[in-house]
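User: I would like to learn how to read a model of a complex, feature by feature. Where do we begin?

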Amino acid sequence: MSARATPPLNQTSISRQLRRKYFLLTLGFLLPLTWAFVRTRNLYPVASWNVMTQGGQLQQSCTYFVLRGETVSGEVIDIPAISVSNAMRSRNWGMVAAIARNESLKLPSPHPKNAELLTKAGATPLPEGVRMNDLLKAWGESYNSRHAASSPTHLKAIRLDAYQWPGHEYSNFRLFVQSWRQEL
Amino acid sequence: MASGTLVRLTSATPSALGVLRVIISGTFLVSVLGASFYDLARLPVTTLLPTGLMKLLPWRFYDRLFTPVGMVSLKLALVFSLSLSVAGFLTPVSTRTSALLVLFYQGLLRCFGHFNHDEMISIYFLIVLAFSPCADAFSIDSFLKTPARKPKFAYGYPILLMQSLMAWSYFSSALIKLRVSGLSYLSVDNLPTLAITQSLDNLHDAHFQLAFWLPAVRHYTSFMLALVLVWELVFPVAIFWKRSRWVILGFGIIFHVVTLFLLNFIFSYQLVMYVVFIDWRRVLMWFRKLRLSQATTANWNRLSVSS
């Protein structure tokens, strides 16, 4: 005969409940994460760890953006995006690229204001970064909220300069492409 | 090794899970407190690209959220819920509301067209904590009412699950790299090009220029990439073989810090989440012993003086 005492009933039921809960929790992670892995697809909050999977392609060109401000004292200064939008962290980079490509206007169900813009444009193709000035206005206001109007670093305008690195070689990094400018 | 894992599964204590609740919820609390929600409220709602679950919310909701009142309300809700979670008060509710609110907030940040992976593991950990008895120690709840006795695996399994999720993030990342790029991932131009493209703008976390040195040493960068790939593949060993953790996690810390200087971003949340590999039972025992020995020394000194 076993000398082990039988656990009280509520202990057994607690144990059974926990096992069931943990089984479901594990399954809740296992199934979506396996799907994301197999499909190599991110569908928030399900993540596929496809960070930098392709690495850098020297043969491809790369477009990038530099945020700058024109101060009331006439200086042009670089403004790190994280200083005007710290919650976004490195996502600022992806956000600007998406706005430059007019991604939010390509949604199957765009924001009503974007839908209106698309209707107005009709068959005429929209210019790149049609919403970029809205972003620049927001960033300019954020920056100026920390630099008083009397300060020489207060901005009179903010701009985003787009450059291209054509690739193929490790030089010629700064080919100017275009600029978006917003008066503040 | 496997039997060692099973022993740890049943030897984890309520305190170990309690400490993890404090650190994981605390990490988000600190980050939310430091984030400017006013700046976030200024961002144009017309640039949003709702992703995944976030697509379920109507545009009218986002219009109301992207206002100073909407964003301050979100911040207050996050701070309130995460503070309760850290303190371990009303934990069955506060850990769940924290997980839900953080899930929403992080989803919102990813609605601007960039799905980054840094915070993902920490979000998953919050979900694990929301369904675990993580307030049976190190909490106001456990101080107010003695929690019901639970089997040891109640505390060990959530920790094992969190370790497995962390290991999966690295292991699957290596497999995807091999599947997508094959051995061309190790090409000499991969890292220099990648690092330079992340260093040209001023939209990243930092603006270091070390990447421009890489082309000069490009023939060694393949070795660096291979080393990282192997490290990602062996990361799961850290779950089963405790002694390997110093090497695997140590390499991870170096790797993520190097990404800051070369790629101008850092997976800071992922780094903090390495705490799930610390044997908190032993750490707490060591602290108790230390406190006990300090108290003994103080008593001894007092006795010596009085005599």
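## Reading the complex step by step

User: Residues 24 or more positions apart account for what share of the contacts in chain B with a separation of 6 or more?
Analyst: The share is 77% for chain B. Keep in mind that this is a predicted model.

User: Then confidence matters. How do I read it, and what is the mean pLDDT of chain B?
Analyst: Where pLDDT is low, the coordinates should not be read in detail. Chain B has a mean pLDDT of 92. In that chain, 94% of residues reach 70 or more. For the complex, the predictor reports an ipTM of 0.91 and a pTM of 0.92.

User: Next, the overall build. How many helices and strands does chain B have?
Analyst: Count the elements, then look at the extent. Chain B has 15 helices and zero strands. Its C-alpha trace spans about 70 × 50 × 45 Å along the principal axes. Of the 307 residues in chain B, 44% are buried.

User: Which residues have the most contacts inside the largest nonpolar core?
Analyst: The largest nonpolar core has 101 residues, and Phe125(B) and Leu126(B) have the most contacts inside it. Helix α9 of chain B, residues 153-181, gives the most to this core: 12 residues. Now take Leu126(B) on its own. Beyond its neighbours within four places in sequence, Leu126(B) is in contact with Ile24(B), Ser98(B), Ala99(B) and Val102(B).

User: How do I read an interface? How many residues of chain A are in contact with chain B?
Analyst: On chain A, 69 residues are in contact with 66 residues of chain B. The elements of chain A that give two or more residues to its side are α1 (9-39), β1 (62-71), α2 (91-100), α3 (112-121) and α4 (132-144). The largest share comes from α1(A), with 11 residues. By type, the chain A side divides into 39 nonpolar, 21 polar and nine charged residues.

User: Is helix α10 of chain B mostly covered or mostly open?
Analyst: Check burial residue by residue. In α10(B), residues 190-197, eight of eight residues are buried. Among them are Asn190(B), Pro192(B) and Thr197(B).

User: What do the buried residues of α10(B) pack against?
Analyst: They pack against β1 of chain A, together with α11 (218-234) and α13 (245-263) of chain B.

User: That brings in a strand. What is the strand order in the open sheet of chain A?
Analyst: The order is β2-β1-β3-β4, with four strands and antiparallel pairing. β2 (76-78) and β4 of chain A stand at the edges, each with a single partner strand, so one side of each has no neighbour in the sheet. The twist averages 30° from one strand to the next.

User: And how many bridges join each pair, such as β1(A) and β3(A)?
Analyst: Go pair by pair. β1(A) and β2(A) pair over three bridges, in the antiparallel sense. There, Arg68(A) has Asp78(A) as its bridge partner. Between β1(A) and β3(A), residues 155-165, there are 10 bridges. Cys62(A) has Trp165(A) as its partner in β3(A). Eight bridges join β3(A) to β4(A), residues 175-183, and these two strands run antiparallel.

User: What about the side chains along a strand?
Analyst: In a regular strand, side chains alternate between the two faces of the sheet.

Key
Residues numbered from 1 in each chain as written. Chains lettered and ligands numbered in written order. Predicted model: local features only at pLDDT ≥ 70, side-chain atom pairs only at ≥ 80, totals over all residues. pLDDT = per-residue confidence, 0-100. Buried ≥ 20, exposed ≤ 12 C-beta atoms within 10 Å, placed from the backbone. Contact = placed C-beta atoms within 7 Å. Nonpolar A, V, L, I, M, F, W, Y, C, P; charged D, E, K, R; others polar. Core = buried A, V, L, I, M, F, W, Y, C linked by C-beta atoms within 7 Å. Pairing = 2+ DSSP bridges. Axes fitted to C-alpha atoms, helices over the stretch in contact; angles between N-to-C directions.
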